[in-house]
Amino acid sequence: MQIKDAQHNMRHAYFNGAPGVLASALVWLAAALVALARSPDTSIATLFIGGMFIHPLGMLIARALRRPGVHAPGNPLAALALEGTVLMLFALPLVFAVSRLRVDWFFPAMLLVIGGRYLTFATIYGMRLYWACGAALAVASA
């Protein structure tokens, strides 16, 4: 499978990644609402736990939009998607540790980690829009 074909398959399967972006936005909104009503630690837990459901929720949304919600077997970009996920997971203990020093640094640090992950989506989907999304998240962290 050529890169253009692999990207086309990813765009089709996951509706250009939009369901994942929507799922992520909903989890971040939930964490923000919890931050207003509860404690910062509860909000952090909301984002961590909710974050585990972003991909499955994105798949469900893609299926509701009549897309497969899964890529073709053998799509070489699946490895990049997995590697980006693993890198993000490796960063979470560091982000959590930083939040123990200064709780107000948790969300900016998470924005940087997620923004970096979005940069890989530019290659996975073949859409430069994800560079802008990653940059916007990084700028929002300041």
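The model is predicted: local features need pLDDT of at least 70, side-chain atom pairs count only at pLDDT 80 or more, and totals for chains, interfaces and linings use all residues. Residues are numbered from 1 along each chain as its sequence is written, and side-chain values use heavy atoms, with hydrogens and water left out.

**Overall fold**

The protein chain contains seven helices and zero strands, and its pattern along the sequence is α-α-α-α-α-α-α. Helices (H or I, at least four residues) and strands (E, at least two) are DSSP runs, numbered from the N terminus. The chain is as compact as a globular protein of 142 residues, because its radius of gyration of 16 Å is close to the 14 Å that the globule rule gives for that length. This radius is taken over C-alpha atoms, and the globule rule is 2.2 Å times the number of residues to the power 0.38.

Some values for the whole chain are collected below.

| Property of the protein chain | Value |
|---|---|
| Span of the C-alpha trace along its principal axes | about 45 × 25 × 20 Å |
| Accessible surface (Shrake-Rupley method, 1.4 Å probe) | about 8300 Å² |
| Share of that surface belonging to carbon and sulfur atoms | 72% |
| Buried share of the 142 residues | 33% |

Buried means under 20% relative accessible area, exposed means over 50%, and partly exposed lies in between (1.4 Å probe, protein chains only). Contact means heavy atoms within 4.5 Å. Of the contacts with a separation of 6 or more, 72% join residues 24 or more positions apart.

**The nonpolar core**

A nonpolar core is a set of buried Ala, Val, Leu, Ile, Met, Phe, Trp, Tyr and Cys residues joined through side-chain atoms within 4.5 Å. The largest such core has 26 residues, and Met110, Tyr125 and Tyr130 touch the most other members. Two or more residues each come from helix 1 (3-13), helix 2 (18-37), helix 3 (40-51), helix 5 (77-101) and helix 6 (106-125). Helix 6 supplies the largest share, 10 residues. Beyond its neighbours within four places in sequence, Met110 is in contact with Trp28, Leu47, Leu92 and Val95. In soluble globular proteins, nonpolar side chains tend to be buried together.

**Histidine 12**

Histidine 12 lies in helix 1. Histidine 12 counts as partly exposed because its relative accessibility is 37%. When residues up to four places away in sequence are left aside, histidine 12 touches Arg67 and Pro68. Histidine 12 and arginine 67 are 55 residues apart along the chain, yet their C-alpha atoms are separated by 6.7 Å.
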